[in-house]
Amino acid sequence: PVCEFQVSQWNMKPYTERRERTEGVPNILLITKGEIHINWNEASENGTDVFRQGQAFFIPACLQEFQVQAKEPVEIFKVEVPHLRSVS
């Protein structure tokens with residue numbers, strides 16, 4: 001365990017989806033199995049992108065929400081900066 005970042009693993013079944021919020025921190029997603037579509041709608045900008053096994057991509061902190069759609073069985077690792085608690 002380290003305090004600088006945290007890693008989580010997602011396993012998704014085909015044709016399932018997951019909505020995620022960045023909570024104001026950047027994320028990196030690494031696809032280790034399958035293919036996904038990422039959708040976002042932020043202010044006046046909409047987008048969709050496709051990522052496959054072996055690809056990684058950056059989700060900026062300014063993007064508040066995104067949706068992941070699995071097109072086949074998928075394994076994803078998500079790396080993010082943990083929320084920092086204020087020290088009194």
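# Touring an all-strand predicted model

Seven salt bridges are counted here, a salt bridge being a side-chain nitrogen of Lys or Arg within 4 Å of a carboxyl oxygen of Asp or Glu. The structure is a predicted model, in which local features need pLDDT of at least 70 and side-chain atom pairs count only at pLDDT 80 or more, while totals for chains, interfaces and linings use all residues. Residues are numbered from 1 along each chain as its sequence is written, and side-chain values use heavy atoms, with hydrogens and water left out.

**Stop 1: the whole chain**

Show the protein chain as a cartoon. It has zero helices and eight strands. Helices (H or I, at least four residues) and strands (E, at least two) are DSSP runs, numbered from the N terminus. The pattern along the sequence is β-β-β-β-β-β-β-β.

The protein chain exposes about 6,000 Å², of which carbon and sulfur atoms supply 51%; accessible areas come from the Shrake-Rupley method with a 1.4 Å probe, and for residues only the protein chains shown count as cover. Of the 88 residues, 32% count as buried. Buried means under 20% relative accessible area, exposed over 50%, and partly exposed in between (1.4 Å probe, protein chains only).

**Stop 2: the open sheet**

Select β1, β8, β3 and β6. These four strands form an open sheet in the order β1-β8-β3-β6, with antiparallel pairing. The edges are β1 (6-12) and β6 (56-59); each has a single partner strand, so one side of each is left without a neighbour in the sheet. From one strand to the next the twist averages 25°, where axes are lines fitted to C-alpha atoms, for helices over the stretch in contact, and angles run from 0 to 180 degrees between N-to-C directions.

Now keep β3 (residues 27-33) and β6, which pair in the antiparallel sense over four bridges. Two strands pair if DSSP finds at least two bridges between them. Which residue of β6 stands opposite N27? It is I59.

**Stop 3: strand β7 and its partners**

Select β2, β4 and β7. Five bridges join β2 to β7, and the two run antiparallel. Within β7, Q67 is the bridge partner of R19. β4 and β7 also run antiparallel, joined by four bridges, and here H37 has Q69 in β7 as its bridge partner.

**Stop 4: E65 and two arginines**

Show the side chains of E65, R19 and R21. E65 and R19 form a salt bridge, their closest N and O atoms being 3.7 Å apart. This pair links distant parts of the chain, with E65 in strand β7 (residues 65-70) and R19 in strand β2 (residues 17-21), 46 residues apart. R21 and E65 also meet in a salt bridge, at 3.5 Å from N to O. R21 lies in β2 and E65 in β7, so this pair ties together parts 44 residues apart in sequence.

Colour these residues by accessibility. E65 is partly exposed because its relative accessibility is 31%. R19 is exposed at 55%, and R21 is partly exposed at 43%.

**Stop 5: R52 and E35**

Move to R52 and E35, a salt bridge with its closest N and O atoms 3.0 Å apart. R52 is in strand β5 (residues 45-52) and E35 in strand β4 (residues 35-42), 17 residues apart. Is each residue buried or partly exposed? R52 is partly exposed, with a relative accessible area of 44%, whereas E35 is buried at 18%. Elsewhere, select R18, E20, K78 and E80: salt bridges that share partners join these residues into one network.

**Stop 6: the nonpolar core**

Select L29, I36, I38, F57, F66, V68 and I76. Of the 15 residues in the largest nonpolar core, these touch the most other members. Such a core is a set of buried Ala, Val, Leu, Ile, Met, Phe, Trp, Tyr and Cys residues joined through side-chain atoms within 4.5 Å. At least two core residues come from each of β1, β3, β4, β6, β7 and β8 (74-80). β7 gives the most, with three residues.

Leaving aside neighbours within four places in sequence, F66 is in contact (heavy atoms within 4.5 Å) with R18, R19, E20, T22, L29, I38, N39, W40 and I59. Across the protein chain, among contacts between residues at least 6 apart in sequence, 77% join residues at least 24 apart.
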